Amino acid sequence: MPHLSSPNSSHFILIFIFTELCFHGYSVTHWEDIQALKQLRNGVDSNSVSPGSCLSSWDFTVDPCDSLSGEKFTCGIRCDVVISGVGRVTELTLDQAGYSGSLTSTSWKLPYLQTLDLTNNYFTGTIPGTFSRLTRLRRLSVSANSLTGPIPDSLPDSLEEILLDNNNLRGPIPQTLNNLKNLKRLELQGNQLSGEFPELTQLGNLYFLDVSNNDISGYLPATFPGNLIELTMRNNSLEGNIPATLVNTSVYLQVLDMSYNNLTGSLPPELFTHASLQQLTLANNQFRWVQTPVNWGRNSELIAVDLSNNDIHGFLPGFMGWMPKLSALSLENNKFSGMIPTQYALKAVAEEGFERLLLGGNYLFGLIPGPLLRLKSGSGVTIRLGDNCLYECPESFYFCGGGVQKSLMECKTFTPVIP
């Protein structure tokens, strides 16, 4: 048996080294990753690559992963050594330099990529279906670009965050999003998405969902993911009621915003007794009634409630004056009638009471409760009572400005409807 120092052994070692160099050269970046980076760079309009930007420093005469601390590849990518000293691109985050071009000319064969962030540029075209090749991707952000077309049916099931907001995406929200069991954050706001909102109950880890400023229509699903903390669906075309099951199943919900839709009916009392809900915004809908919750909401966690610009009838919800943490209440521009509850006034002058109480644009009548008359402009409490039917609300009281009282004729012709 020959020793390692024998001519035959030395010849074998030289052949092995030569073979390795032929296949891999001197590069420490995997060849497949270099090819994908080149494709991305070639897909960007050169006229949009400004001096000093990340892409202006990409020079493929040097190895990307081996040059991150030098004058080339100064930003835009991160590499990690995965196996056998070979670097793999694990993060691709371009600066907000106004790049334009297409993403579909890239193969997206970056199997170790965990973060892809192209936020706030001018990329056009569709979202590539080849994103599904990014099998380790956790964060996908193409926010604030000019992307069009549908949301792909197939996205990596490794994703934890999807940010597609503020583009020109169209079509329905795909039901296949339910396959992304690791998803925690989903932002689709500011697009032109349409159709009914799908049930996404399989997304057990989802805590943030924003689909505002789209054209989503139809009824709300009966249930939403149970771990949601923030749910925002403002400025769509939703109709029908808010199901009580939505409130009951989203046990950790803190923020609910469904303003600027076509929602109708009664507000379920569960909204006001939810164990964690702090901000409720349902302005600019067509709600008709507010149901009184058990215990008058004394265990409510709500801090801010906005029900303005609806069609709500009846007396002002007296229980809201007893909600312990409520500091901002807007009931403006509805059909409320009757007198201002004394508890509202007491809460407005309390040290930890209302900071904002907006009741203008209703049909409230009678005298202003005495405690309110003690408030002076600059007291730190914002109150609006204009455009009502109050017996006396002179503009010398700062909270009576911003809208004169309704005429006696209009107040007499309004007949309050009691549920």
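**View 1. Strand 23 pairs with strand 25 (residues 363-366) in the parallel sense over two bridges.** Strands are DSSP runs (E, at least two residues), numbered from the N terminus, and two strands pair if DSSP finds at least two bridges between them. Gly 338 stands opposite Leu 364 in strand 25. Strand 23 (residues 335-338) also pairs with strand 21 (residues 313-315), in the parallel sense over three bridges. Lys 335 in strand 23 is the bridge partner of His 313.

The model is predicted: local features need pLDDT of at least 70, side-chain atom pairs count only at pLDDT 80 or more, and totals for chains, interfaces and linings use all residues. Residues are numbered from 1 along each chain as its sequence is written, and side-chain values use heavy atoms, with hydrogens and water left out.

**View 2. Helix 4 spans residues 342-349.** Helices are DSSP runs (H or I, at least four residues). The buried residues (under 20% relative accessible area, 1.4 Å probe, protein chains only) of helix 4 are Gln 343, Tyr 344, Ala 345, Lys 347 and Ala 348. Their cover includes strand 22 (328-330), strand 24 (356-358) and strand 26 (382-384).

**View 3. Tyr 252 lies in the loop between helix 3 (244-249) and strand 16 (255-257).** Tyr 252 has a relative accessible area of 48% and is therefore partly exposed, a class that runs between buried and exposed (over 50%).

**View 4. Confidence is given as pLDDT, the predictor's confidence in each residue, from 0 to 100.** The mean pLDDT of the protein is 90, and 92% of its residues reach 70 or more. Over residues 1-7 the pLDDT is below 50, and this stretch has four contacts (heavy atoms within 4.5 Å) in the model beyond near neighbours in sequence.
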